[in-house]
Amino acid sequence: MTNLIFLAPPAAGKGTQSKRLVEKYGYVHISTGDLLRAGRNDGTERAKRIIDAQDSGGLVPDDIVDELLKERLQQDDCQKGFILDGYPRNAKQFETLKGIFNELNITDYLAIYFDISMQEAMERTLGRQNCPKCKRDYNKFYGPMMPKEDGICDDCNEALVTRSDDNEETFKVRFQTYLNNIEPLLKGYEAENHLVKVDANRESILVFEDIDKIINEG
Ligand SMILES: [Zn+2]
């Protein structure tokens, strides 16, 4: 299967799409968070460096993340196809990944850009709600996740609580920062004919149909 690199701004729905692709095709999902969790627990000197960095509130050095990724991509399960989620997210990682792919002879891959407007992404983010009783997730601005009655859980009639860490300002900064960082990646993948874009402003089922088509057309 064609390996996938997800380039998705906040709230573009990449988590939902990953889950569907894993279920339908058996893709291996690889996120930086997963790599670091595994790296913390492998009992090596490197694990100590990861633990020290994370527990002191710092960032894990890039070279460690790069190494963890390279090791992960060499494991057997990745041979049938993987989704890279959250890496690369800047020009430096883009170059690093290119080097890793060259070394491991990985040539069949596509970068999928989840094209979503800032307005749509912001509404989805700020509209997040959940039910304090049954924990079901809702979104007051996103059709498929809206409660039947505004602010009330469909299942247990409880009042929903808003659960966004963002406000308009912090969201806009986070969104724009992401776009600025991946701009060189979009250009890079496009120049190599490895870029496809999906319109992520729509319902997730429609986005999935597009991705499905892209994979099957290779
Ligand atoms: Zn409920």
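1. Residue Q17 is located in helix α1 (residues 14–25). Helices here are DSSP runs of H or I with at least four residues, strands are runs of E with at least two, and both are numbered from the N terminus. The model is a predicted one, in which local features need pLDDT of at least 70 and side-chain atom pairs count only at pLDDT 80 or more, while totals for chains, interfaces and linings use all residues. Residues are numbered from 1 along each chain as its sequence is written, and side-chain values use heavy atoms, with hydrogens and water left out.

2. The surroundings of Q17 deserve attention. With a relative accessible area of 2%, Q17 is buried; that word means under 20% relative accessible area, exposed means over 50%, and partly exposed lies in between (1.4 Å probe, protein chains only). The Q17 side chain comes to 3.0 Å from the backbone oxygen of S204. Such a polar contact is a pair of N or O atoms within 3.5 Å; within protein, one must be able to donate a hydrogen and the other to accept it, and residues adjacent in sequence count only if both atoms are side-chain atoms. Apart from neighbours within four places in sequence, Q17 is in contact (heavy atoms within 4.5 Å) with F6, F114, S204, V207, F208 and I211.

3. The whole structure contains 7 of them. Rings of Phe, Tyr and Trp (its six-membered ring) pair if their centres lie within 6.5 Å, and the planes make the pair stacked when under 30 degrees apart, edge-to-face when over 60 and tilted otherwise. The pair of F6 and F114 is edge-to-face, because the ring centres are 4.9 Å apart and the planes stand at 70°. As F6 belongs to strand β1 (residues 3–7) and F114 to strand β4 (residues 109–115), this pair ties together parts that are 108 residues apart in sequence. Both F6 and F114 are buried.

4. A further edge-to-face pair joins F94 and Y189, with 4.8 Å centre to centre and 80° between the planes. Because F94 sits in helix α5 (residues 91–104) and Y189 in helix α7 (residues 168–191), parts that are 95 residues apart in sequence are tied together by this pair. F94 and Y189 are both buried. They also belong to a cluster linked by ring pairs, which consists of F82, F94, F101, Y109 and Y189.

5. For comparison, the ideal angle for four tetrahedral donors is 109.5 degrees. C153 is buried, at 1% relative accessibility, whereas C156 is partly exposed, at 22%.

6. Helix α6 (residues 118–126) has E120, A121, M122, R124, T125 and L126 buried. These buried residues pack against β5 (128–130), β6 (137–139), β7 (161–162) and α7. R124 also lies over the face of Y142, 4.6 Å from the ring centre; a charge counts in this way if NZ of Lys or CZ of Arg is within 6 Å of the ring centre and within 35 degrees of the ring normal.

7. Strand β6 holds N139, which is buried at a relative accessible area of 4%. Beyond its neighbours within four places in sequence, N139 is in contact with E123, R124, G127, R128, M145, M146 and P147. A polar atom of the N139 side chain lies 3.3 Å from the backbone nitrogen of Y142.

8. Most residues other than glycine have a negative phi, and most peptide bonds are trans. The Y87 to P88 peptide bond, however, is cis, with omega near 0°, and P88 lies in the loop between β3 (82–85) and α5. A11 has a positive phi of about 70°; it is placed in the loop between β1 and α1 and is buried at 18% relative accessibility. N157 has a positive phi near 65° and lies in the loop between β6 and β7, but N157 is exposed, at 62% relative accessible area.
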